[in-house]
Amino acid sequence: MISSQRLEDRINSLARIGMTEEGGVTRLALTDEDRKAHQLVRSWMEQAGMSVRVDAAGNLIGRKEGTNPQARPVVMGSHIDSVGNGGKFDGTIGVIGGIEVVQHIAEENISITRPVEVIAFCEEEGSRFQSGGIFGSRAMTGKITPADLEIRDANGISRRQALADFGLNPDELFTKAIRRKGEMALYLEMHIEQGPVLEQKGIPVGIVTGITGLSLTEIIVEGKPNHVGATPMGMRHDALLGACEIATGIEEICLSYGSPAVGTVGTMEVFPGQVNIVPGRVVMTTDVRDLDVERRESILQRIRNHAESVAGRRGLTVSFDTKLKANPALCSQEIIEVMKRESERMSLSYLEMPSGAGHDAQLMAELADMGMIFVRSTGGSHNPREYASMEDITLGTELLSRVALHYLNAEEV
Ligand SMILES: [Zn+2]
C-alpha cells in the first residue's frame, strides 16, 4: 500500500530542514541544509531497499535491482532544493513519492524485472548560482561547460568550490555524471502543478502532455527624450507609450493563438526615468512559451511585426535581442495512454494539460521517453503558501506507482 501517513511525515520532516520564519523553506543546492536533506533522503532510500550514490554533479541516486540486471531502469525523480523562502511541496513530492513507490514494492514483495531508480536532481531551481537551474539534469545530458563551474553564488563561492566542499570531484562531472541516450527505459516525474488550472476545474491530477519551450527576448524601443511641458502631445516620440502598446499587443496575439501559448512582459525599464522628461528609451523583456516550436516562432514573428508597426506609426525605432530559447519537450504518447488507463482503473479524474514551467523532465526527455504527473496545488508556488493536500499527493503517488509497475515488468519499453 502507498502510505499517505508516511508521505506526510516525510514531506514535513524534509520541510524542517531550512524552514523559514514564515513557514517556507530555503534550501539552496550544495549548502549545509542540502547536505542534511541528502542524509535524510538517503536514509529513506536505504529503508526502501535501494543502494545509494551521489554522482559528480551532486545528483542523489537510489537504485534497486530487478530480476534482470541487464534490463534498462525505470527512473523516477525530481528535486529537493528550493528557491529562497519557497514552498515545501515543489520538487519534494516527486522524490518522496518515488521512494514511496519503491518502498511499496519492497514491503509487498512485488517482483520487478527492471531496476528502478529514484533521483533527487541537484539545483533544479538555480537559486544559488543563478544560471538557469536544472543543473543536475543538464549535467546528465552532457550540457554543462567548464564555464558553468566558475559561476559564483552571492558569497563569491564558485560552483566548482561548492561541489568540492560537498565531497565531489567537479571534473568527473564531464564524464562520470553523463548518462547515455537510451540507457534508461523511461523517466517519470510527479510534481505539483504550480498553477491554478486543476484547482479551478476541481480535478486532483494532471497528465502532462509536454513542457512548453520558453523564449526570452529583450525588446528595445527608442524615441526622443524631451521636455514634458514644452513638447506638445502631437509632436512627441514617447518610447514608453510605444512599449505599452507593444505589450498589450503581445497579450492580444497570445490570446488569439489560444492555450498553451503564453506571453509576458515581465520587466520594463524606462530611460531617463524622470518625472519631467518624455521617456526616450524603454528596455523590456518578453517571455513567450508554447508546446510547439513552429507556433512559438510564428507568435514571435507576429510580435515583431506588431512592434515594428507601432514604432513606425509613433516615429520610434525598435530592436530585438534573443536572450534564451529552450525547446519544448513532449511527453511520450504511450506513457500518457498508460497513465490514462491506470487513472480510469482507479476511478481517478484527470486532466491532460501542458506544463508551462520547466522541470528536470524536460532534460530527461532527451535521454528517454518521459511522462509527468501533476498534483493539484493552491497558493501559487515559490512561496510559503504553496499547498497540496495529502489526499491529492497520495492519489498522484498511487498513479505513479501503477505506471512505474507497469513498466517495471514490461518486456519491451
Ligand atoms: Zn520544481
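Biologist: Is His-359 buried or exposed?
Modeller: Buried, because its relative accessibility is 1%. Buried means under 20% relative accessible area, exposed means over 50%, and partly exposed is in between (1.4 Å probe, protein chains only).

Biologist: What am I looking at, and how are things counted?
Modeller: This is a predicted model, where local features need pLDDT of at least 70, side-chain atom pairs count only at pLDDT 80 or more, and totals for chains, interfaces and linings use all residues. Residues are numbered from 1 along each chain as its sequence is written, and side-chain values use heavy atoms, with hydrogens and water left out.

Biologist: OK, where is His-359?
Modeller: In the loop between strand E14 (350–355) and helix H11 (360–364). Helices (H or I, at least four residues) and strands (E, at least two) are DSSP runs, numbered from the N terminus.

Biologist: Which side chain makes a polar contact with the side chain of His-359?
Modeller: That of Ser-355, at 3.4 Å. A polar contact is a pair of N or O atoms within 3.5 Å; within protein, one must be able to donate a hydrogen and the other to accept it, and residues adjacent in sequence count only if both atoms are side-chain atoms.

Biologist: And what does His-359 touch, not counting residues up to four places away in sequence?
Modeller: Glu-124, Ile-134, Glu-189, His-191, Gln-194, Ile-211, Met-372 and Phe-374. Contact here means heavy atoms within 4.5 Å.

Biologist: Now the metal. Which are the protein donors of the zinc ion?
Modeller: His-79 through NE2, Asp-90 through OD and His-191 through NE2. They lie 2.0 to 2.2 Å from the zinc ion. Donors are N, O and S atoms within 2.8 Å of the metal (3.2 Å for Na, K and Ca); water is not among the atoms, so sites may look incomplete.

Biologist: What spacing do the donors follow along the chain?
Modeller: H-x10-D-x100-H. The two histidines link distant parts of the chain: His-79 is in strand E3 and His-191 in strand E5 (residues 186–192), 112 residues apart.

Biologist: Is His-79 buried or exposed?
Modeller: His-79 counts as buried, at 0% relative accessibility. His-191 is also at 0% and counts as buried.

Biologist: Where does Asp-90 sit?
Modeller: In the loop between strand E3 (74–79) and helix H3 (92–107). Its side chain has a 3.1 Å polar contact with the side chain of His-79.

Biologist: What is the nearest side chain of opposite charge to Asp-90?
Modeller: Arg-27, 9.2 Å away. Asp-90 is buried yet has no salt bridge. For charge, Lys and Arg count as positive and Asp and Glu as negative; His and the chain ends are not counted. A salt bridge is a side-chain nitrogen of Lys or Arg within 4 Å of a carboxyl oxygen of Asp or Glu.

Biologist: What is Asp-90 in contact with, leaving aside neighbours within four places in sequence?
Modeller: His-79, Glu-125, His-191, Ile-192, Gln-194, Ser-381, His-382 and Glu-386.

Biologist: And Val-83, where is that found?
Modeller: In the loop between E3 and H3. Val-83 is buried, with a relative accessible area of 13%. Beyond four places in sequence, its contacts include Arg-27, Glu-125 and His-382.

Biologist: Switching to charges. How many salt bridges in the whole structure?
Modeller: A search finds 30. One of them joins Asp-392 and Arg-376, with the closest N and O atoms 2.8 Å apart. Asp-392 lies in helix H12 (residues 390–408) and Arg-376 in the loop between strand E15 (369–375) and H12, so the pair ties together parts that are 16 residues apart in sequence. Asp-392 is buried at 6%, while Arg-376 is partly exposed at 22%.

Biologist: Which residues are linked in a network of salt bridges?
Modeller: Arg-63, Glu-65, Glu-117, Arg-179, Arg-180 and Glu-183. Between Arg-63 and Glu-65, the closest N and O atoms are 2.7 Å apart. Arg-63 is partly exposed at 22%, and Glu-65 is partly exposed at 42%.

Biologist: Last one. Which residues does the UniProt annotation "domain: Peptidase M20 dimerisation" cover?
Modeller: Residues 213–311, according to the unreviewed UniProt entry. UniProt positions are given in the numbering used here, feature names are shortened, and annotations may be inferred rather than shown by experiment. In the model, residues 213–311 are 38% helix and 34% strand, with end C-alpha atoms 28 Å apart.
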